[in-house]
Amino acid sequence: MSLQVVVNGLLLGGMLGLVGLGFSLVWGILNIVNLAHSALIMGGAYLTFYLFDRLQLDPFLSLPISMAVLFAAGYALQAGVINWVMRAPLLVTFVLTFGFETLFTSLARVLFTGDGRAVTPAYNAAALLVGDTVINVMKLGAFGVALALTAGLGAFMRYTRTGNAIRAVGMDADAARLMGIDVARIYALTYALSAMVAGAAGSLLAMWYSFTPDSFGIYNIRAFAVVVLGGLGSVPGALLGGVVFGLLDQTIASATIGGFQLGALKEALIFLALVAVLVVRPNGLLGKEGYR
Amino acid sequence: MNLAILVGGLILSLVVAGRSAVTVRRGALVALLGLALGAPLLTPNPLTLAAVAIAGAAAVGWNIIGGFTGYAAFGQAAFFGLGGYTMAVLVARSTGSYGLPAGLALPLAGLVPALIAALIGLVVLRLRGHYFAIATLGVGIAVRELVNNVDCVGLPSLSRPLFCLGAAGGIILPPLRRSEVAATNLTFYFAALGLLAGGTLALALLHRSKFGYGLRAIRANEEAAAVMGIQTTRFKVLAFAAGAALTGLAGGLQVLINGSVLPDQSSIFDPYRSLEVILICLIGGVGTVWGPLIGALVLYAVQEALTGLLGSGDWRPVFFGAFVILLILFLPRGLQQFTTGGGRPTWRILWRNLTANRV
């Protein structure tokens with residue numbers, strides 16, 4: 001494994017950790033596998049694109065805007081709709097969030113068209129050269145933001161009253177209610193936080209790759225992989241899972257066996273690894289129940 | 001015209017599945033069969049109706065594992081695609097294929113996915129809930145990607161390959177003569193119809209068999225079922241394989257109609273298929289005998305109506321998404337709530353459904 005592969009894997013891993021973080025939060029606290037997560041990421045990406053394209057706003061400066069917008073949207077979605085099915089079986093919440101994914105993605109296809117979009121500020125191609133390893137400055141910045149957000153959310157969960165209330169609801173919603181916590185509001189807040197992080201991930205990914213409304217569906221699976229690898233219910237776990245995934249991804253992408261590019265089978269291979277992990281450790285590598 | 005046939009079939013199936021007097025239900029069943037057999041006379045293109053039956057048959061497959069057994073599988077498209085590829089390899093006349101007649105090949109289009117599902121099932125059926133759902137979602141993606149990248153597979157000792165999947169190029173079936181097309185379309189329609197009818201019959205038999213009771217016991221409480229002496233692993237793997245067989249048969253038929261297989265997103269491995277089968281069962285009633293038939297009729301009637309109103313443009317999936325959301329909020333148990341549940345469809349029931357699971 002060359003140093004370049006490691007660097008690429010780490011940078012990608014930080015991003016994927018951010019992608020998985022919000023997913024892990026909703027899964028851990030609300031017990032919902034949120035298939036609309038990819039659509040929320042898409043929302044962040046398009047916000048950043050239009051702010052850059054129409055107002056020439058630097059993509060890093062559009063981050064707070066897309067986070068705020070997605071926070072509000074997430075709160076409305078959970079409080080207005082998903083809270084109504086919180087006690088329903090798994091299949092119901094799964095299909096409901098799938099319905100939102102279809103709705104948002106197809107709406108985006110109509111409103112934003114299927115044209116490929118890219119956010120290309122002037123420093124787009126700037127790179128550091130360490131030895132013979134190339135580090136793209138923009139990706140490094142995105143990586144830094146991803147780390148900062150992960151640390152920030154971890155601190156919020158651990159050190160604030162609201163964060164503790166969220167964790168309490170994740171451990172036992174009924175007991176939390178008896179302690180005077182407004183569970184419906186905490187659910188909405190948790191989903192909003194998850195959407196906010198997804199929005200940030202979308203804004204950062206917009207700088208990373210060019211995209212269409214259909215580019216984001218894959219992030220649900222990636223988020224799931226990150227959560228399984230890192231363990232459901234841990235903020236540092238999401239980062240760890242992201243880094244493991246990123247390194248795996250980049251290693252496979254650059255490997256060949258007898259002239260055959262392994263990258264063509266990337267998703268399949270990563271998924272095989274994932275299923276193997278699941279079978280050995282059904283709750284993930286570092287997994288425990290609930291959000292801690 | 002198609003819309004009228006679908007709605008007519010829907011009304012009749014709702015009566016058949018409902019709680020009217022036995023004679024009424026028998027009469028409705030006869031009328032339903034009559035409508036199904038006579039439908040090609042009424043429509044210019046029986047293939048659009050064949051698509052409904054194929055979707056219904058694929059959904060019957062999901063209903064065995066997802067409905068009866070309660071394991072929410074999200075990768076049924078993999079078996080649809082595998083059935084399709086099996087059919088293509090057996091029927092095509094290019095290198096690495098066998099040129100068999102379609103009738104001989106069809107059973108294998110069920111058998112091969114069933115065997116593969118049994119192998120996959122031994123592993124993924126150890127998982128439960130969200131983990132099983134996502135693992136099967138991953139199986140759907142992984143199978144597509146594998147097939148997408150495999151050209152020919154063979155043994156060094158053999159002069160010709162065992163089979164060729166054509167990698168990203170897919171497989172093209174021998175074209176039909178122009179004179180054959182109309183008759184063949186009719187054959188396809190009746191084959192699809194037979195598959196759906198046979199699948200529904202199988203569900204009815206399963207519903208009252210010991211195996212079916214075992215599966216429902218697993219759904220209700222797997223530990224308790226095991227304690228009662230049900231070999232849960234064997235039951236689950238069998239259910240998974242049986243479901244894959246039916247979905248695979250549907251896929252095999254679809255490939256004959258398409259005349260080619262491409263591993264591409266929009267083709268035989270379309271991941272939307274995985275969700276379509278679930279949606280169909282949700283509409284008609286998960287784990288019920290008539291659910292897949294009713295659900296397929298509703299879903300395709302809605303799509304037909306949407307196409308009539310909006311054309312086949314970009315707005316269709318928008319309304320489709322909205323339809324799914326409204327359905328799951330107001331009618332999470334599907335139309336069976338009105339047929340077997342006995343209640344009359346009223347606004348009040350919809351409201352009660354909405355508020356039942358509120359936090």
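Two residues are in contact if their C-beta atoms, placed from the backbone, lie within 7 Å. The exercises below concern a predicted model, in which local features need pLDDT of at least 70 and side-chain atom pairs count only at pLDDT 80 or more, while totals for chains, interfaces and linings use all residues. Residues are numbered from 1 along each chain as its sequence is written, and chains are lettered from A and ligands numbered from 1 in the order in which they are written.

**Exercise 1. Describe the overall build of chain A.**

Step 1. Chain A has 11 helices and four strands; helices (H or I, at least four residues) and strands (E, at least two) are DSSP runs, numbered from the N terminus.

Step 2. The radius of gyration of chain A, taken over C-alpha atoms, is 19 Å, close to the 19 Å that the globule rule gives for 292 residues, so chain A is as compact as a globular protein of that length. The globule rule is 2.2 Å times the number of residues to the power 0.38.

Step 3. The C-alpha trace of chain A spans about 60 × 50 × 35 Å along its principal axes.

Step 4. Among contacts in chain A between residues at least 6 apart in sequence, 78% join residues at least 24 apart.

**Exercise 2. Characterise the contact between chains A and B.**

Step 1. Chain A gives 38 residues to the contact and chain B gives 37 residues.

Step 2. On the side of chain A that touches chain B, at least two residues each come from α4 (90–112), α8 (183–208), α9 (218–230) and α11 (266–280). The largest share, 15 residues, comes from α4(A).

Step 3. By class, this side of chain A has 31 nonpolar, four polar and three charged residues. Here Ala, Val, Leu, Ile, Met, Phe, Trp, Tyr, Cys and Pro count as nonpolar, Asp, Glu, Lys and Arg as charged, and the others, Gly among them, as polar.

**Exercise 3. Determine how α2(A) packs on α8(A).**

Step 1. The axes of α2(A) and α8(A) come within 7 Å and cross at roughly 50°. Axes are lines fitted to C-alpha atoms, for helices over the stretch in contact, and angles run from 0 to 180 degrees between N-to-C directions.

Step 2. The two helices α2(A) and α8(A) are therefore oblique to each other; angles under 35 degrees count as roughly parallel, over 145 as roughly antiparallel, 65 to 115 as roughly perpendicular and the rest as oblique.

Step 3. The contact includes His37(A), Leu40(A) and Phe49(A) of α2(A), and Ala195(A), Gly199(A) and Leu205(A) of α8(A). By class, the contact of α2(A) with α8(A) has 12 nonpolar, seven polar and no charged residues.
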